[in-house]
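Biologist: I would like to learn how to read the overall features of a model before turning to a single residue. Could we go through one together?

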Amino acid sequence: MEQKSVAITVTSGKGGVGKSTTVASVGLALAQLGRQVCVMDTDIGLRKLDLMLGLENRIVYDLVDVVEGTSKLRQSLVRHKEYPNLALLPAAQTRYKEEVTPAQVKQLVDDLRNEFEFIFIDSPAGIEGGFRNAIAPADRAILVVNPEIPSVRDSDRVIGLLESADLAQIDLIVNRVQPGMVKDGDMLSVERVQNHLAINLLGIVPEDRRIIRSSNTGEPVVLDGKSLAGRAFNNIARRINGENVPYLDLEESSLINRIKRIFHIA
């Protein structure tokens with residue numbers, strides 16, 4: 001029987017690379033395209049996906065409550081008021097990852113498949129229990145990597161674990177790219193990252209100070225029409241949706257280069 005929904009775990013080799021920003025942005029962009037989307041925070045004890053979406057004040061129940069039977073799954077989902085195609089299943093803030101098992105998370109996702117076309121699972125950093133919970137129900141994975149050696153090296157081991165879990169597809173997002181630093185040799189190029197990790201490139205996202213503002217306001221950067229990172233995340237969502245969308249030319253898109261072209265000095 002054809003599978004109607006897909007569960008995608010968003011993970012990384014180290015923390016702070018932009019997993020939650022990716023989940024919030026791509027999830028909202030797909031909801032804007034008319035798809036039914038659930039974003040699920042499995043970082044129990046350190047939840048922040050609710051903040052990224054501006055939903056922190058509407059949480060009553062969480063993932064652990066559902067597992068323990070304190071609440072029903074539907075009660076615990078927080079629907080976005082402005083984008084009703086998007087729902088959040090928040091993590092518990094005062095519990096521990098060890099209180100949930102991979103089998104329980106898998107059952108939760110199986111139940112969500114009845115209602116949602118895309119289920120994004122925001123994985124915690126590291127490769128311990130929380131990581132195993134996040135990949136247990138996944139059909140596919142997205143690996144978020146920063147173009148720096150520690151992030152790439154840690155990602156190698158994660159890819160091995162994802163391949164051991166027999167996921168059908170593992171895609172790569174290179175996040176926080178700074179073309180100027182790449183040009184000066186101070187940052188790895190996207191090509192070097194991709195060649196080293198040898199997985200499919202799903203998207204390239206530039207460093208963008210607007211992401212800090214979006215995190216603080218609870219408005220994902222895809223809502224900011226002036227944000228280059230927002231455009232990049234929108235393009236990633238469209239690729240996941242099956243569209244053939246070219247990668248952004250970050251060199252051409254940089255403000256300095258646009259100004260140079262205007263004054264015919266580049």
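This is a predicted model: local features need pLDDT of at least 70, side-chain atom pairs count only at pLDDT 80 or more; totals for chains, interfaces and linings use all residues.

Biologist: How many helices and strands does the secondary structure of the chain come to?

Modeller: The chain has 13 helices and 8 strands.

Biologist: What does the radius of gyration tell me about a chain of 266 residues?

Modeller: The idea is to set the value beside that of a compact globule, which for 266 residues would be near 18 Å, and because the chain has 18 Å, the two agree. The C-alpha trace spans about 65 × 40 × 40 Å along its principal axes.

Biologist: What share of the contacts with a separation of 6 or more comes from residues 24 or more positions apart?

Modeller: Such residues account for 74% of those contacts in the chain.

Biologist: And how should I read burial and surface?

Modeller: Of the 266 residues, 52% count as buried, while the chain exposes about 13,000 Å², of which carbon and sulfur atoms supply 48%. As for charge, the chain has 32 positive and 35 negative charges, whose mean positions are 4 Å apart.

Biologist: Where does S155 lie, and which residues does S155 touch?

Modeller: S155 lies in helix α7, which covers residues 149-164. Leaving aside residues up to four places away in sequence, S155 touches G13, L143, V145 and L197.

Definitions and conventions. Residues are numbered from 1 along each chain as its sequence is written. Side-chain values use heavy atoms; hydrogens and water are left out. Helices (H or I, at least four residues) and strands (E, at least two) are DSSP runs, numbered from the N terminus. The radius of gyration is taken over C-alpha atoms; the globule rule is 2.2 Å times the number of residues to the power 0.38. Buried means under 20% relative accessible area, exposed over 50%, partly exposed in between (1.4 Å probe, protein chains only). Contact means heavy atoms within 4.5 Å. Accessible areas come from the Shrake-Rupley method with a 1.4 Å probe; for residues, only the protein chains shown count as cover. Lys and Arg count as positive and Asp and Glu as negative; His and the chain ends are not counted. The place of a charge is taken as NZ of Lys, CZ of Arg, CG of Asp or CD of Glu.
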